[in-house]
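Have the model open as you read.

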Amino acid sequence: MALEIRPARPEEMEEFKSIPATVFLPPPAERSEVPMRPEWTLCAFEDGRLATSYAAWPLTMRFNGKGVSAAGVTEIGTRPVYRRRGHLRKITTAHFELLHERGEQPLAILYASQAAIYHRFGYAVVSMFNEYSIEPRYLQFALVRPGTGAVREAGDDEFELFKDLYRRFCAERTGYIHRSKITWEAGVLASPPKGGVLSRVIYEEAGEPLGYIIYAVEPHPVRKSTGPWQQLFVRDLVWLTASAFQAAWNSLASMDLVRNIKCRAPEDDPLPHLLAEPRMLHSTSYDGLLARIVDIEKVLPERGFQEEGVLTFEILDDLCPWNQGRWKLETSAAEASITPTGEEPDLVMPISTLALLVFGQISATEAARMGRLDVLKPDALPLWDRVMRTKYRPFCADQF
């Protein structure tokens, strides 16, 4: 068997696209319309045949108030006859080595069909999301905020307004990605499936836009002879004030022909704490974004920190040996720096645990209780908790 790891060539891209389409069988409406470039791919060819597809979008992600370059890993699949041969591990290892060599994307992020596949490569589930399914009639608030503003339909010429509101909303958050125009058009602003209608609603106070909600209304796949026969999918929800958040949801309460409203929201979403009957959200929690720290020296200085501190730690990382060893991280609200050190570490942990900490998904104290790290200096845990705390829970509103 001759195995070659390399990018797909332009003439091989149709074959490349056929692999994830065959593996996951996504309906046409769920397939990305953003063209993948051959140079963003890295595939396994067995005896000249494309066996495993793999690609990575060049993304910028919000990282607790700062932007960090990240490889958005996607389009992964292996033809059934070539499985269990280690192709994905070889590609992943080659990709991490390439990222380290280039020094441009110190972080890899992805959505997993099965998280267990990627835990083997040092990834961690760094965000969760709640999926809501609620009937419009239950959008009643326990504490009503009398807003001074109003909602209105957005015009076709207001794309820049959406961009600005989104930028302001996610500026201090973690996990949200920077959207190019093509990302907007292929994502939240994409045409709905046949028979559906896309709506874009803006909330304003005294003429100042403070939030928006973008949603698609589609026929329910199982239409009953009586009763509501539509379903509504919230694609994007941005709010700069509490009044904007409540107004956005209030705008959906009068959708009398909608059987249920579906929405994905971060773990710290306000809605469960505001509704009169929160159990009617029928909320289900799922794993969201997975992340892998490819280069510690490059990624940690790119994260925002609010606390001043000096943290020493030891990392275990077999796949990326350049991460292995002891490090000293010095942080302040202005900047952060990291250097190798010979000092005794506060904590010893695998690279996946560090990802959980820097994303703010769990604290160092929680990680110690779970057995995800070893504590050499127990007195250091409160400082680690303060330094690694994020302003918001991690979440990514886009699929890629």
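## Around S133

S133 touches N260, I261, K262, M280, L281 and H282, leaving aside residues up to four places away in sequence (contact means heavy atoms within 4.5 Å). With N260 there's also a side-chain to side-chain polar contact at 3.3 Å (N or O atoms within 3.5 Å, one able to donate a hydrogen and the other to accept it; residues adjacent in sequence count only if both atoms are side-chain atoms). S133 is found in strand β7, residues 128-134 (helices, H or I of at least four residues, and strands, E of at least two, are DSSP runs numbered from the N terminus). S133 is buried, at 19% relative accessible area (buried is under 20%, with a 1.4 Å probe and protein chains only).

This is a predicted model: local features need pLDDT of at least 70 and side-chain atom pairs 80 or more, while totals for chains, interfaces and linings use all residues. Residues are numbered from 1 along each chain as its sequence is written, and side-chain values use heavy atoms, without hydrogens or water.

## Aromatic pairs

The whole structure holds 16 aromatic pairs (Phe, Tyr or six-membered Trp rings with centres within 6.5 Å; planes under 30 degrees apart are stacked, over 60 edge-to-face, the rest tilted). F162 and Y212 pair edge-to-face, 4.9 Å centre to centre with 85 degrees between the planes. F162 is in helix α4 and Y212 in strand β11, so the pair ties together parts 50 residues apart in sequence.

Methods
Buried < 20%, exposed > 50% of the residue type's maximum accessible area, 1.4 Å probe, protein only.
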